[in-house]
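Trainee: Please guide me through the reading of a protein structure, one feature at a time.

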Amino acid sequence: MTDISVAEHNRALVLHGFREFAAGNIEVLRPLLREDFVEHSPGNPSGRDAFMEWIAAAPVAGAALELKRVVADDEYVVVHYRMVTPEDERGTAVIDIWRLVDGRIAEHWDVVQPVPEPSTTPNGMF
């Protein structure tokens, strides 16, 4: 595979996983995650099984996820989206960074920020 096709393949895998997860299919992540999956976000566990247990109980599992953009570069795929829960209609801006190895997710980082009042962000968060 060329670098471009690796990026396109990884982008498609992550997008499929994101869309299925957003539709409520949490189990879609299990075959995507490597057993030795490494989590870099504070408070989130590493390891596929521990992460699956954690994510099933996390607020993101029951939230509405509005995909805004996806960027893929070789083994990395970045997903930018808005997460909205019933308790917070303004929502949270989230950026997930996934590193894939041989078509499976090996590592994850994220950046999470509450969406502020519109008057404080005249150019918007998205």
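**Reading the features**

Mentor: Helices (H or I, at least four residues) and strands (E, at least two) are DSSP runs, numbered from the N terminus. The model is predicted, so local features need pLDDT of at least 70 and side-chain atom pairs pLDDT 80 or more, whereas totals for chains, interfaces and linings use all residues. Residues are numbered from 1 along each chain as its sequence is written, and side-chain values use heavy atoms, with hydrogens and water left out.

Trainee: Is Asn10 buried or exposed, and which residues does Asn10 touch?

Mentor: Buried means under 20% relative accessible area, exposed over 50%, and partly exposed in between (1.4 Å probe, protein chains only). Asn10 has a relative accessible area of 3% and is therefore buried. A contact means heavy atoms within 4.5 Å. Leaving aside residues up to four places away in sequence, Asn10 touches Asp74, Glu75, Val77, Leu100 and Gly103.

Trainee: Which residues touch the most other members of the largest nonpolar core?

Mentor: In soluble globular proteins, nonpolar side chains tend to be buried together. A nonpolar core is a set of buried Ala, Val, Leu, Ile, Met, Phe, Trp, Tyr and Cys residues joined through side-chain atoms within 4.5 Å. Here the largest such core has 27 residues, and Phe21, Ile55, Val60, Leu65 and Tyr81 touch the most other members. Two or more residues come from each of helices H1 (3-22), H2 (29-32) and H3 (48-57), and from each of strands E1 (33-39), E2 (64-73), E3 (76-85) and E4 (88-101). As an example, Ile55 touches Phe21, Ile26, Leu29, Val60 and Ala61, not counting residues up to four places away in sequence.

Trainee: How many bridges join E2 to E3, and how many join E3 to E4?

Mentor: Two strands pair if DSSP finds at least two bridges between them. E2 and E3 run antiparallel and are joined by nine bridges; within this pair, Leu67 stands opposite Tyr81 in E3. The hairpin of E2 and E3 has two residues between the strands, and Asp74 takes a positive phi near 55° there. Nine bridges also join E3 to E4, again antiparallel, and Thr85 has Asp88 in E4 as its bridge partner. A hairpin of two residues connects E3 to E4.

Trainee: How many salt bridges does a search of the whole structure find?

Mentor: A salt bridge is a side-chain nitrogen of Lys or Arg within 4 Å of a carboxyl oxygen of Asp or Glu. The search finds 10. In one of them, the closest N and O atoms of Arg48 and Glu35 are 3.8 Å apart. This pair links distant parts of the chain, since Arg48 is in helix H3 and Glu35 in strand E1, 13 residues apart. Arg48 is buried at 16% relative accessible area, whereas Glu35 is exposed at 58%. Both belong to a network of salt bridges that links Glu27, Arg30, Glu35, Arg48 and Asp49.

Trainee: Which residue forms a salt bridge with Glu117?

Mentor: The partner of Glu117 is Arg90, with the closest N and O atoms 2.6 Å apart. Glu117 lies in the segment after strand E5 (104-114) and Arg90 in strand E4, 27 residues apart. Glu117 is partly exposed at 41% relative accessibility, and Arg90 is partly exposed at 35%.
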